[in-house]
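Could you walk me through this structure, one step at a time? I would like to understand what holds its parts together.

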Amino acid sequence: MEKQMEYELNKYFHSVRLVEDKCKGCTHCIRTCPTEAIRVRNGKATIIEEKCIDCGECIRTCPNDAKIAFADTLESIKKYSYKIAIPAPSLVGQFSKKYKLEKVLSAFLFLGFDEILEVGFGADLVARAATEYLQSQAIFLSKPVISSACPAVVKLIQVKYPGLAENILPMQSPMEVTAHFIKEDVSRRLGMGKADIGVFFITPCPAKVTVVKQPVGTNRSWVDGAIAVSETVNNIKMNFNRVSESAGVQKASNGGIGWGRRGGEAATVKVPNKLSVDGIHHVSSVLERIEAGGFKGINFIEAQACVGGCVGGVLMVENPFMAKLKVDIVSEQVGEKNEWLIEKAYKENPREYYLLTEKIKPRPIGRLDADMGEAMRKLQEIEALCAELPGIDCGSCGCPTCRAFAEDVVSGMMMRMDCLFDLRDRVRSLAQEISALAEKLPHAMQEKGANQ
Amino acid sequence: MDLHGIYKEFPVKGGDFARAGEAAGKLKNILKQIGAPYGVIKRVAIASYEMEMNIVLYADEGKLCVNIKPREVFIVARDRGPGIPNTEKAMEEGYSTASAEIREMGFGAGMGLPNIKKASDWMQIDSEVGVGTCVQIKFFFNGKTDGV
């Protein structure tokens with residue numbers, strides 16, 4: 001069968017990957033994928049590159065540990081002369097009260113880093129920049145502006161809701177701002193070339209790993225690698241007694257730290273009528289409504305792919321609800337004591353420092369064909385086929401829904417007979433035919449005891 | 001390729017607020033799948049939603065009939081209901097015959113028909129009091145670029 005949709009392999013970097021040996025082809029993951037990016041072929045799950053947004057839902061769903069999030073290891077920092085750790089705000093949620101925040105941050109020095117700066121600091125800066133930007137752009141407030149902080153959500157918009165790409169707040173993420181800030185600061189302070197400085201994001205999620213390697217909205221990332229929170233937490237806890245607290249290491253304020261959990265970002269962006277949506281499927285349905293013209297009165301939407309916000313990322317260790325509580329406790333403890341530092345840093349840079357350098361490009365995957373006439377013909381073929389299918393989305397064909405199967409058949413990726421029900425019907429008619437043939441005797445023979 | 005394009009009918013029940021917007025949503029997804037320009041998708045989304053809402057808010061029942069051709073979308077919203085006594089007045093911004101109940105729900109601002117006109121490239125409205133209303137609109141793929 002001629003493949004009508006050619007997928008270019010390796011055009012996209014993806015942190016989310018399959019460990020083939022562990023995959024049983026159970027079809028659990030194909031159902032929970034928000035972009036229907038997974039199929040089961042030859043007994044193994046395969047991820048369609050263009051559709052995958054690295055949200056990690058399949059990692060959560062897989063009962064056989066066959067899905068992983070690839071991230072850089074602590075080993076990889078060694079190739080830089082000066083190593084900086086920039087931990088996500090949600091990191092603080094992985095530690096209970098007995099692990100003092102300043103010591104947790106200092107522990108990264110023990111792990112081999114030369115310096116550390118919390119991404120919460122960058123979040124404090126972005127919050128100010130976003131507030132100022134939104135307040136000055138009255139035109140934006142005629143439609144909901146969607147935060148650019150969660151890379152999985154940005155990708156979801158690019159592939160599934162491309163018409164909303166223009167609704168995305170054109171701001172750099174706190175991770176990029178933090179990396180940019182500290183690289184320039186260290187380069188100035190220590191007289192080092194930026195190429196010798198390695199900035200590593202301590203990440204709760206695969207989407208961030210991907211966006212470090214293939215940035216969106218900016219031509220190059222300031223970040224050099226992303227290391228999983230889970231790789232560092234136990235390390236820190238085990239060696240905690242050997243860590244010496246470094247003075248002045250904690251620079252974020254309560255606002256920035258709050259970005260680690262759902263609602264935290266929205267709390268720091270000072271515009272009225274804000275929504276906070278978490279969980280990729282909830283985000284998807286809200287985006288669907290916005291695309292249809294709904295939620296008109298809403299000015300700003302904080303959208304997080306993970307339930308609970310970043311504390312719910314797949315590379316986290318602690319239960320997300322517990323972690324959310326811990327983030328709040330730390331946030332309250334820190335209070336506003338670093339406000340002066342943040343204000344000073346904020347005033348140092350112009351507005352452009354915080355803006356994305358490129359437009360976020362739509363990457364629609366829903367189009368049936370580049371030619372509209374052909375797409376219309378395919379749509380009718382798909383709907384005609386759908387009407388014949390059982391419509392129970394059993395997943396036996398390896399597709400998430402009967403509709404997806406119909407789309408795959410029309411595009412030439414699957415055969416009609418790949419549907420178990422169709423196969424069974426054919427077997428049954430064949431069986432009936434054979435049975436009928438078996439009844440038919442040649443005239444020269446007579447069945448023993450037959451009434452003929 | 002079928003020269004008649006794609007034809008679809010979406011029934012709409014009067015008073016069915018739970019499902020209000022479903023027809024407009026389905027139409028939007030069809031346009032996405034065939035690769036219509038985003039500007040058109042947005043305008044169609046706005047107009048079809050308002051047409052659907054008008055049936056839900058004011059009529060007993062109706063339907064959205066859509067004909068999609070390669071460079072044109074033609075939508076007819078036909079309903080059985082009270083009809084509109086003065087269609088010219090109804091097209092005025094802010095003019096509304098909504099009951100207090102409807103306004104309490106957040107609808108009935110009097111912008112529905114004007115918004116449909118603004119979003120579409122051609123519009124015609126016919127109505128008979130006591131019988132029903134028929135709103136016809138067309139979108140051309142090289143039509144308005146700013147939309148509403």
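Let us begin with a cysteine, A:C205, which counts as buried because its relative accessibility is 13%, below the 20% cut-off for that label. Another cysteine to find is A:C306, also buried, with a relative accessible area of 8%. Keep in mind as you look that this is a predicted model.

A disulfide is a covalent bond between the sulfur atoms of two cysteines. By the rule used here, two such atoms must lie within 2.5 Å. A:C306 is therefore in no disulfide, with the sulfur of A:C205 as its nearest cysteine sulfur at 6.2 Å. Over all chains, the disulfide count is zero.

Now step back and take in chain A. It has 16 helices and 11 strands, and its C-alpha trace spans about 105 × 50 × 40 Å along its principal axes. Of its 452 residues, 56% are buried. Look also at who touches whom: among contacts in chain A with a separation of 6 or more, 78% are between residues 24 or more positions apart.

A:R189 is partly exposed, at 45% relative accessible area.

B:K63 and B:E9 form a salt bridge through their side chains, 3.2 Å from N to O. B:K63 is in strand β2 (residues 61–69) and B:E9 in strand β1 (residues 6–13), so this pair ties together parts that are 54 residues apart in sequence. B:K63 is partly exposed at 31%, and B:E9 is partly exposed at 41%. The side chains of B:E22 and B:R19 also meet in a salt bridge, at 3.0 Å. Salt bridges can link up too: those with shared partners join A:E115, A:D185, A:R188 and A:R189 into one network.

While you are in chain B, find B:T133 in strand β5 (residues 132–140). It is buried, with a relative accessible area of 9%. Its side chain makes a polar contact with that of B:S127, at 3.0 Å. Among the other residues that B:T133 touches are B:A77, B:G83 and B:I125.

Finally, how do the two chains meet? In this model, 22 residues of chain A are in contact with 22 residues of chain B. The area buried between them is about 2,000 Å², with carbon and sulfur atoms giving 56% of it. On the chain A side, A:R367, A:M372 and A:M376 lose the most area, together 30% of what that side buries.

Five salt bridges run between the chains, including one between B:K42 and A:E166 at 3.2 Å. There are also 12 residue pairs in polar contact. Helices α11, α14 and α15 of chain A each supply at least two residues to the side touching chain B, and α14 gives the largest share, seven residues. That side divides into 10 nonpolar, four polar and eight charged residues.

Note on methods:
Residues numbered from 1 in each chain as written. Chains lettered and ligands numbered in written order. Predicted model: local features only at pLDDT ≥ 70, side-chain atom pairs only at ≥ 80, totals over all residues. Heavy atoms only, no water. Contact = heavy atoms within 4.5 Å. Buried area = accessible area lost by both parts, 1.4 Å probe. Salt bridge = Lys/Arg side-chain N within 4 Å of Asp/Glu carboxyl O. Polar contact = N/O pair within 3.5 Å; in protein donor to acceptor, adjacent residues only side chain to side chain. Helix = DSSP H or I, 4+ residues; strand = E, 2+ residues; numbered from the N terminus. Nonpolar A, V, L, I, M, F, W, Y, C, P; charged D, E, K, R; others polar. Buried < 20%, exposed > 50% of the residue type's maximum accessible area, 1.4 Å probe, protein only. Lists of a residue's contacts leave out its neighbours within four places in sequence.
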